[in-house]
Amino acid sequence: MSASPSSFVAKPQQARLPYPYRPEVDVVEAALATLTGQLDWAQVIRAGRPWVEAVREKPAPFWAMESLLREYPISSAEGLALMRLAEALLRVPDVETAIALTADQLGRAEFDADSVVDGPHKMLAGISASAISLSKKFLPDADGEGGLLKRLGAKTVVAATVRAIQLLGRQFVLGRTIDEAMDETKDQRKDVESARRGAGTAASGLRFSYDMLGEGARTEHDAERYLASYANAIKAIARGQVAASPENADGISIKLSALFSRYEDAQRERVFAELLPRVWTLIELAARANLNLTIDAEETDRLELSLDVLDALAERIAVTFPKWQGFGLAVQAYQTRALQVVDAVAAIARRHKLRFMVRLVKGAYWDGEIKRAQEGGLAGYPVFTHKEHTDISYLACARALITHADVIYPQFATHNAGTIAAILQMARAKGAAFEMQRLHGMGEGIYREVMKDPAIPCRVYAPVGEHRDLLAYLVRRLLENGANSSFVHQLADSGVDVERLLASPMTTARPPAFPMPAHLYPVDHGLQRRNSTGADLAVLADRAPLDAAVTAATVPQVAEASPEDVAAAMTQLDAGFEAWNERPVDERAAIIRRAGDLLDARLAEFCGLLVKEAHKTLGDCVAEVREAVDFCRYYADQAQIRLQDKVLPGPTGESNELRMNGRGVFVCISPWNFPLAIFAGQVVAALVAGNTVAAKPAEQTPAVAARMVDLLHEAGVPRDALVLLHGPGETVGARLTAHAATAGVCFTGSTQVAKIIQRTLAAKDGPIVPFIAETGGLNAMIVDSSALPEQVVDAVVQSAFRSAGQRCSALRLLVVHASIADGVIAMIRGALAELNVGDPARLSTDVGPVIDDEAYMNVSRNVARLKKDARLLGETPLASSFPRLVTPVAFELARIADLKEEIFGPVLHVVRWNGDVDAVMHEINALGYGLTLGIQTRIDSRAQRLARLAKVGNVYVNRNMIGAVVGVQPFGGEGLSGTGPKAGGPHYLLRFCAEQTLTVNTAAAGGNAALLAGESGGH
Ligand SMILES: Cc1cc2nc3c(=O)[nH]c(=O)nc-3n(C[C@H](O)[C@H](O)[C@H](O)COP(=O)(O)OP(=O)(O)OC[C@H]3O[C@@H](n4cnc5c(N)ncnc54)[C@H](O)[C@@H]3O)c2cc1C
């Protein structure tokens, strides 16, 4: 889609908001301060009580969320099964998988057919029963056919379950098309009118904001489809009404992530150039029809970008449609920056002399935000950790919106009776114009009561779409309302009395409900390992030091080690061994931990060097420094936990002890693809176990290694315990591995080089020494037809193309079920077209260059070969002249066995499968490698079985298959992929140790004193 002539140009990110990770208590106290004297909570309870009592007396309809949750709480096996089936079943195209999925989920729950009349699960069972009888009419009569009968029985159950889920979905979607949805609203408006007639008014006061359902766009094609669907909806809404003002008209809600596959802060320029013109076409339609267009609020990492987008659009609206008052956005109260967002939005409106409609919500992505912060090692959480804090923030934001009445028309979206009553109180006290909002299918009971007051206008957020598109939305609603803290959940629980249900949230601010991301890991043997510090690249304050470091970084020259240097170093390290090994393990661990802390504090500096020397993207660099920090801290802890002298049991009269020592000089040889993390991991593991280390980094990346060695010396590692020896593998590497003093080798690299080292060690005189080799992989991902294609494509793009495919864990072979293969391949092709290949120093770059000319030639040659021998599925266009760029590319192969070798670049092979999934796993095993495996399925038992069959080290289900975290996903493979033990796992250090037992005959000097004294009968 080409940008319209009215294209927008990105301005640099503006610092409109404070830091998101300020202490929660401070933020909440500030919000509480704005509410002092604003609310009479006794009055809130008086107002809310009759609503709650009325709803409990006359519950919402059978299928409303409240009833559903009472029947099947998400915490129960049945509730979970229902939710997981709802998420997946409707999209499965083939009968076999649908049967397997249904059997898998229903099998673990007790949906008892006998309970149809009055059992605990009567609702689903009842619906299933009626659906079964319905579906039977359309199925051939199976009587008399043995095997087929069984099969048709399964089919019938699946059909019934599909039916039940469709019925469930229908409660939350107003219609499959906008016309159907608009038709549906007539009945709803009539219901409210008749209720109000009873209350003395006939106007319905009911408005709708339509939302066109679907996953976020992954491709241009998706984005075009959504744009057309939004435009079509706006036109239909406009046809259906004559709007005097946007407040009194139906409107539309749009998600920017549906209109552009790269709606993310890192793609700011493209967001302005490509997304904004699309939004503008919708704005033109909405403004001409004078209706309300609201931009939904999405994840926190888009928050600042969304304000810049708002500003740019407002600037143009001010010129083109200065009288239109229907533009707006949603603000999430659970953000720690929510109050400042409200002020920033008001400031934008004022500057452009506009009025916005602002929907205040609590926020729908809470669990995802917490996970992202923990995974990223961020400085805190961008959202509150207590539900009450979100409620307080909501009220503070409501008050702020009301005070900005000159430029904001507030729209309060909540189903919480206490929140509603409090809002009404504040709004009425100020005489403010406002409206309430609820989601279709939710809060119906409460709003049935609230809406009896004719002065309260309400807008229903009404999702529109096909059943398939509803799934993600439905699951979010199920999850949100399944939470114990949810108002809707508590309303359905008669055990929660009205006072508790409506209790004021405005108590004093509390400390965070769970540990900060830095303190994620629990105490183990009295040690608490600190999580490494990350950076939020969407936040200017976190990103600026990294940008500055990249600009400032230069790559120093590192001298190559001569044969004499190698010999001298080995003599020095051999001599240094005894003293280092004699140091108590606690002391060595303290030094390594100190190194981790130093590195943690120098994140920016190391990122700068990594970008410049290894040409890695900034995101990859942050992850790499963090991994190195984690290695230091993890191995320090593991040494203290596992390498202490241990007293062993035995007969009386002797003492037995197991001692762990270093082995001598360990040679550590690391690759260029993780020049810091793998280098540091090997070296510190060997050191903390008591060895001295000859560290040979990859030829391409000695500067990063040299700086790490300096840092280790600075932390206290003696100079005669660690020496860096830079140079080619054929010379420096070969001399080191062949050296008589070498007591062990730790290597990460290709299988071929590992074999050479193995032969060198075998040919060496003297002791047989340990060899730890971590080599490559032909890593596969198996996708069945219950998988969510969007999730699959996200995982594929990250696993196959990030880091230019230069990870040993990278995905090389996607094995996708034939029934969904065309769709998945089309989406991969579309996603490939959206990747940015270029200079790794630019934040917008997804894929940087390959490491050197040799790699470039090698990968290019293989791509040229595949272009002749295989079917090209898609390729990223090249729009940069940066050197050594290989564009991400995907090919289709006929058979798994056609994949012969690891191409260390952004090259993906795709094979379709059909039939027996276990056979697919055996074919993958037969490739001989065994590093990583991805499985994408919603059939839990299938995932578990495949994992057991797989001869691989790391299995990832329903996620990407890269980025193993130290101590969380210990990393390493089997077969051609390596010897083990796993790096970042509890057994790693042991391989670097020599074990010694010490047995002392304590009775040697005349007798067993302890036994005679009655102290010991053996231990
Ligand atoms: C009309 C409408 C439009 C909406 N549009 C959007 C949108 O654009 N973007 C969006 O993100 N959401 C949107 N939502 C969803 C909304 O954010 C809430 O998830 C939902 O309304 C539940 O809030 P409540 O006040 O009804 O219920 P309540 O039960 O009172 O509140 C539940 C909410 O509290 C918060 N919460 C739960 N547990 C915790 C905790 N431990 N710590 C801190 N906070 C917690 C969460 O935000 C959760 O959703 C919309 C909702 C409505 C009604």
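Reply: The model discussed here is predicted. It holds 15 aromatic pairs. A pair of aromatic rings is described by the distance of the centres and the angle of the planes. For Trp366 and Phe514, the centres lie 6.2 Å apart and the planes stand at 65°. This pair is edge-to-face, because the class applies to planes over 60 degrees apart.

The accessibility of the two partners can be considered next. Trp366 has a relative accessibility of 34% and therefore counts as partly exposed. Phe514 has a relative accessible area of 24%, so Phe514 is partly exposed as well. Both assignments follow because the partly exposed class lies between the limits of 20% for buried and 50% for exposed.

Elsewhere, ring pairs join several residues into a cluster, made up of Phe631, Tyr634, Tyr635, Phe666, Tyr988 and Phe992.

Aromatic rings also take part in contacts with charged side chains. Arg316 is placed over the face of Phe8, 3.8 Å from the ring centre. Lys362 lies over the face of Tyr394, and here the distance from the ring centre is 5.4 Å.

Conventions:
Residues are numbered from 1 along each chain as its sequence is written. This is a predicted model: local features need pLDDT of at least 70, side-chain atom pairs count only at pLDDT 80 or more; totals for chains, interfaces and linings use all residues. Side-chain values use heavy atoms; hydrogens and water are left out. Rings of Phe, Tyr and Trp (its six-membered ring) pair if their centres lie within 6.5 Å; planes under 30 degrees apart count as stacked, over 60 as edge-to-face and the rest as tilted. Buried means under 20% relative accessible area, exposed over 50%, partly exposed in between (1.4 Å probe, protein chains only). A charge sits over a ring if NZ of Lys or CZ of Arg is within 6 Å of the ring centre and within 35 degrees of the ring normal.
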